[in-house]
Amino acid sequence: MRTKHVNVLIALAAFVLFSFSCFCISRMTQTSNQLINCRNHILEFKEKILRLKNKTERNRQELINALSKMKYEMTQRENTSTDLVEKKMNTLGKDETVSNNTFEVLKFFFPHLRKVGRIYPDVIIGKEKIGVSFALGISTVSRGNQSYVKQTLNSVVSRMTLSEEKDSVVIVSVADRNEDYLKSVVDMITKRFKRQLKSGSLEVISIPAFFYPNMLHVKQSTEDSGKLESWRIKQVLDFCFLMLYAQPKAMYYLQLEDDIIAKKMYFTKITDFVHNITSNNWFYIEFSILGFIDKPIDLLLGDIFQVKMCNPGETPEKCAERNKQIRIRYKPSLFQHVGIQSSFPGREQYSKRITLQE
């Protein structure tokens, strides 16, 4: 009987142990599955984090690239046109008031300008510098496939000292309706003369088309005389506009052609000569034997001299004597003419000033 009870207990113990073993195996399997699932979740989370990190890195790199591009563009803009004014100027309406505009005097002489509002250059690139001693004006038009303005500017600008550059402004006036030529001049100057543009010692202007009377816009006669007359009239107006623009900027105005080479230290010699003139009764000074541009401008200056300085009925000898006193000619020449292709279409010119001694 006792043996039977022992066997029953052993069987019960074995059953319990078997059941516990099965329970443990079941729990272990469940835990293992949970661990595997947890591991999978961790790997998936890690993968998502990695993708997010990569995306963030790409975004960060894109942001850095964008910022770098912006910084580069800002630097380029500062180098070429910091504080520069580049603007299209339109005439003001009739009801708008205009003050301190030196061009208003033109309306007295040119009836066609009385219908417009404010007269001003179409394009201005520069700081519109004022309050300097010297303004140097260079009027330029297209000469077909030939151009001297880059050589001229390089000569004029490079042969100034920094202090002279600071006390002056060089004004390039594009007096040509050819937009391609205007663009070529502007591009050349903004690339090659960045420092001068940035400092305000160099400006570029363009003369508006409405400035010229209708007679210059209509088709000219095929005869050379008619073309030459029209060309001369326009040339005079080109210089008139440039001189008026320069007038409020400086005490002295120096007119230059767009196809010359300046002598070394030319500006120092000019300033020294002007400041050392003992008489204040001088009209103008010529720093080149042939004058500037062609006869129409020079003849106009001669006519102005006759009107302002010679009395009616005065003997030619007496007027000529006064001419020597107030019309001063500096020697030797400080500018060498180098252009062969004239601004007048189809014409070549070989006249040169006395060779400069460097």
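Which residues does Ser-155 touch, not counting residues up to four places away in sequence? Ser-155 touches Ile-261, Ala-262 and Tyr-266, where contact means heavy atoms within 4.5 Å.

## The model and its confidence

This is a predicted model, in which local features need pLDDT of at least 70 and side-chain atom pairs count only at pLDDT 80 or more, while totals for chains, interfaces and linings use all residues. Residues are numbered from 1 along each chain as its sequence is written, and side-chain values use heavy atoms, with hydrogens and water left out.

The predictor's confidence in each residue, on a scale from 0 to 100, is called pLDDT. For the protein chain the mean pLDDT is 77, and 64% of the residues reach 70 or more. Confidence is lowest in strand 1 (residues 85-88), with a mean of 48, and highest in strand 4 (residues 168-174), at 97; helices (H or I, at least four residues) and strands (E, at least two) are DSSP runs, numbered from the N terminus. Over residues 80-86 pLDDT stays under 50, and the model has 18 contacts beyond four places in sequence for them. Over residues 88-99 pLDDT also stays under 50, with 17 contacts beyond four places in sequence. Where pLDDT is low, the predicted coordinates should not be read in detail.

Ser-155, the residue of the opening question, is found in helix 3. Its relative accessible area is 6%, so Ser-155 is buried, a word that stands for under 20% relative accessible area, whereas exposed means over 50% and partly exposed lies in between (1.4 Å probe, protein chains only).

Leu-153 also lies in helix 3, which covers residues 149-158, and Leu-153 counts as buried because its relative accessibility is 0%. Leaving aside neighbours within four places in sequence, Leu-153 is in contact with Ile-138, Ser-158, Val-170, Val-172, Met-188, Ile-189, Phe-193 and Leu-202. Leu-153 and Asp-258 are 105 residues apart in sequence, yet 7.9 Å apart in space, C-alpha to C-alpha.

Glu-203 is found in strand 5 (residues 202-206), and Glu-203 counts as buried because its relative accessibility is 0%. A polar atom of the side chain of Glu-203 lies 2.9 Å from the backbone nitrogen of Glu-128, and the side chain of Glu-203 reaches the backbone nitrogen of Lys-129 at 2.8 Å. Leaving aside neighbours within four places in sequence, Glu-203 has contacts that include Ile-125, Gly-126, Val-170, Val-172, Tyr-245 and Lys-249.

## Aromatic rings

A pair of aromatic rings is described by the distance of the centres and the angle of the planes. Rings of Phe, Tyr and Trp (its six-membered ring) pair if their centres lie within 6.5 Å, and planes under 30 degrees apart count as stacked, over 60 as edge-to-face and the rest as tilted. The structure holds 15 aromatic pairs. In one of them, the rings of Tyr-266 and Phe-267 have their centres 5.9 Å apart and their planes at 80°, so this pair is edge-to-face. Both Tyr-266 and Phe-267 are buried.

One aromatic cluster is formed by Phe-103, Phe-110, Tyr-120, Phe-211, Tyr-212, Phe-241 and Tyr-245. The charged end of Arg-118 sits over the ring of Tyr-120, 4.3 Å from its centre; for this, NZ of Lys or CZ of Arg must be within 6 Å of the ring centre and within 35 degrees of the ring normal.

## Salt bridges

Side chains of opposite charge can pair when their charged atoms come close. A salt bridge is a side-chain nitrogen of Lys or Arg within 4 Å of a carboxyl oxygen of Asp or Glu, and a search of the whole structure finds eight salt bridges. One of them joins Lys-107 and Glu-104, with the closest N and O atoms 3.4 Å apart. Lys-107 is buried, with a relative accessible area of 16%, whereas Glu-104, with 28%, is partly exposed.

Asp-259 forms a salt bridge with Arg-143, their closest N and O atoms being 3.4 Å apart. Asp-259 lies in the loop between strand 6 (250-256) and strand 7 (260-262), and Arg-143 in the loop between strand 3 (132-140) and helix 3, so the pair ties together parts that are 116 residues apart in sequence. Both Asp-259 and Arg-143 are buried, and Arg-143, Asp-258 and Asp-259 are linked in a network of salt bridges.

Terms used: Polar contact = N/O pair within 3.5 Å; in protein donor to acceptor, adjacent residues only side chain to side chain.
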